[in-house]
Amino acid sequence: MKALLVGEYREGNLLDTTYELFGFADQLGAETALLLVGSDSRLPAWVGTLYLADAAQYGEYNPELHTQLVLEAVARESADCVVFLHSSYGWDLAPRVAAGLKAAQVSEIIGIREEGFEVGCCNGKMRRTVKPATPSCVLTIQAGAFPQLQPGGSPTIIRMETAGSSSLEFMGYEPAEAKELNLTRAEVIVTAGRGIGKKENVPLIAALAKALGGELGASRPVVDAGWVPHGHQVGTTGQSVSPKLYVACGVSGAIQHLAGMKKSEFILAINKDKEAPIGEVADLLVVADLLQFVPALTARLAK
Ligand SMILES: Cc1cc2nc3c(=O)[nH]c(=O)nc-3n(C[C@H](O)[C@H](O)[C@H](O)COP(=O)(O)OP(=O)(O)OC[C@H]3O[C@@H](n4cnc5c(N)ncnc54)[C@H](O)[C@@H]3O)c2cc1C
């Protein structure tokens with residue numbers, strides 16, 4: 001199988017997540033070529049064919065022109081599949097490319113099985129396996145689901161151009177909103193998951209965070225329910241953190257949450273379910289009712 005991987009730049013820098021595409025292709029056992037719309041100054045340390053289009057000419061993001069460039073690289077490479085990260089870039093481009101190729105698209109892949117690709121469903125509570133039924137396919141992979149593979153070396157560059165035109169012009173980026181809180185610098189984070197049960201229990205978690213000299217984190221359902229502001233969210237659609245101590249209270253360990261915190265130095269999970277997936281990354285899993293355990297721990301720390 002031959003895979004065309006499509007990496008990403010942000011403000012002139014190659015995103016490290018591009019290396020997750022190599023990790024995915026390695027697990028797939030695919031031969032690879034890479035397409036980047038970027039610049040010569042920041043190229044990946046990797047040996048292989050790199051189709052390089054100039055971001056100064058095509059914009060760091062322009063869905064119409066980038067789709068043309070991907071389709072042209074697929075034709076030149078005779079690729080069987082095109083792989084994007086499941087990012088705002090990838091999830092916008094992938095369906096356009098799939099439509100252009102009349103190919104099946106599988107989104108947000110978290111694993112590879114013999115029968116097909118594993119994707120999350122039911123808000124991450126279940127997984128299903130999907131197999132493309134077309135000769136070629138377009139795939140997006142979940143951030144953090146595959147290891148970053150940095151093989152080293154230098155690519156062989158093939159310059160890419162397209163005669164296609166666009167009705168859009170890339171104007172640049174601006175921050176969506178100032179974050180109320182920068183969790184990325186916190187040494188200790190104590191996170192409230194849905195297992196806290198209700199908004200009124202947030203102070204229990206905040207008190208433990210305070211007793212440990214840390215910050216309050218939250219899983220997405222806690223934020224979506226309006227119990228804690230979005231600035232506290234950890235995960236793929238929140239912040240990526242790597243504190244010395246991460247305490248997950250009533251967090252199941254969905255892949256989108258793990259992607260944002262699994263690099264923490266020490267992970268303590270408190271969960272009443274001893275089979276909760278958070279246990280797979282936790283250094284210590286306390287199987288307990290957090291409503292009893294957390295206040296007791298906070299009181300003990302105060303002594
Ligand atoms: C595109 C996309 C992006 C996403 N981005 C994020 C993200 O950035 N961050 C994020 O967190 N999620 C994200 N999610 C959601 C994610 O898939 C999960 O749904 C979410 O992480 C689950 O949150 P949770 O662990 O708090 O809740 P649940 O999965 O409901 O887990 C609750 C846990 O609490 C335990 N529990 C219940 N009561 C108690 C008790 N009294 N004592 C101890 N334990 C108890 C349960 O055993 C369970 O393990 C995203 C999903 C999608 C589709």
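A residue is called buried here if 20 or more other C-beta atoms lie within 10 Å of its own, and the legends below describe close-up views of a predicted model.

**View 1. Helix H1 and the elements that cover its buried residues.** In helix H1, which spans residues 18–28, the buried residues are Thr18, Tyr19, Glu20, Leu21, Phe22, Phe24 and Ala25. The cover over these buried residues includes strand E1 (2–6), strand E3, strand E4 (31–38), strand E6 (81–85) and strand E10 (137–141). Gly29 follows H1, and the phi of this glycine is positive, near 70°.

View 2. Most residues other than glycine have a negative phi. Because Glu11 has 8 C-beta neighbours inside 10 Å, it counts as exposed. Glu108 counts as buried because 22 other C-beta atoms lie within 10 Å.

**View 3. The packing of helices H3 and H4.** Two packed helices are described by the angle between their axes and the distance between the axes. The axes of helix H3 (residues 63–77) and helix H4 cross at roughly 50° and come within 9 Å, and the two helices are therefore oblique to each other. The crossing in which H3 passes H4 is right-handed. On the H3 side the residues that meet H4 are Pro63, His66, Thr67, Val70, Leu71 and Val74, and on the H4 side their partners are Asp92, Leu93, Arg96, Val97, Gly100 and Leu101.

**View 4. The packing of helices H5 and H9.** Helix H5, residues 202–211, packs against helix H9, residues 290–302, at an angle of about 30°, with the axes 9 Å apart. Because angles under 35 degrees count as roughly parallel, H5 is roughly parallel to H9. H5 passes H9 in a left-handed crossing. From H5 the contact is made by Leu204, Ile205, Ala207, Leu208 and Ala211, and from H9 by Val294, Pro295, Leu297, Thr298, Leu301 and Ala302.

**View 5. The largest nonpolar core and its residue Cys249.** The largest nonpolar core holds 89 residues, and those with the most contacts inside it are Leu4, Val82, Val83, Val138 and Cys249. Helix H4, residues 88–101, supplies the largest share of this core, namely six residues. Both domain 1 (2–159) and domain 2 (183–302) give residues to this core, so the core lies between them. When neighbours within four places in sequence are left aside, Cys249 is in contact with Val190, Thr191, Ala192, Gly193, Gly195, Ile196, Ile205, Ile270, Leu290 and Val294.

View 6. The protein is divided into domain 1, residues 2–159, and domain 2, residues 183–302. The centres of domain 1 and domain 2, taken over C-alpha atoms, are separated by 32 Å.

Technical notes. Residues numbered from 1 in each chain as written. Predicted model: local features only at pLDDT ≥ 70, side-chain atom pairs only at ≥ 80, totals over all residues. Core = buried A, V, L, I, M, F, W, Y, C linked by C-beta atoms within 7 Å. Buried ≥ 20, exposed ≤ 12 C-beta atoms within 10 Å, placed from the backbone. Helix = DSSP H or I, 4+ residues; strand = E, 2+ residues; numbered from the N terminus. Domains from an automatic or database assignment. Contact = placed C-beta atoms within 7 Å. Axes fitted to C-alpha atoms, helices over the stretch in contact; angles between N-to-C directions. Parallel < 35°, antiparallel > 145°, perpendicular 65-115°, else oblique. Left-handed = near helix turned anticlockwise from the far one by under 90°.
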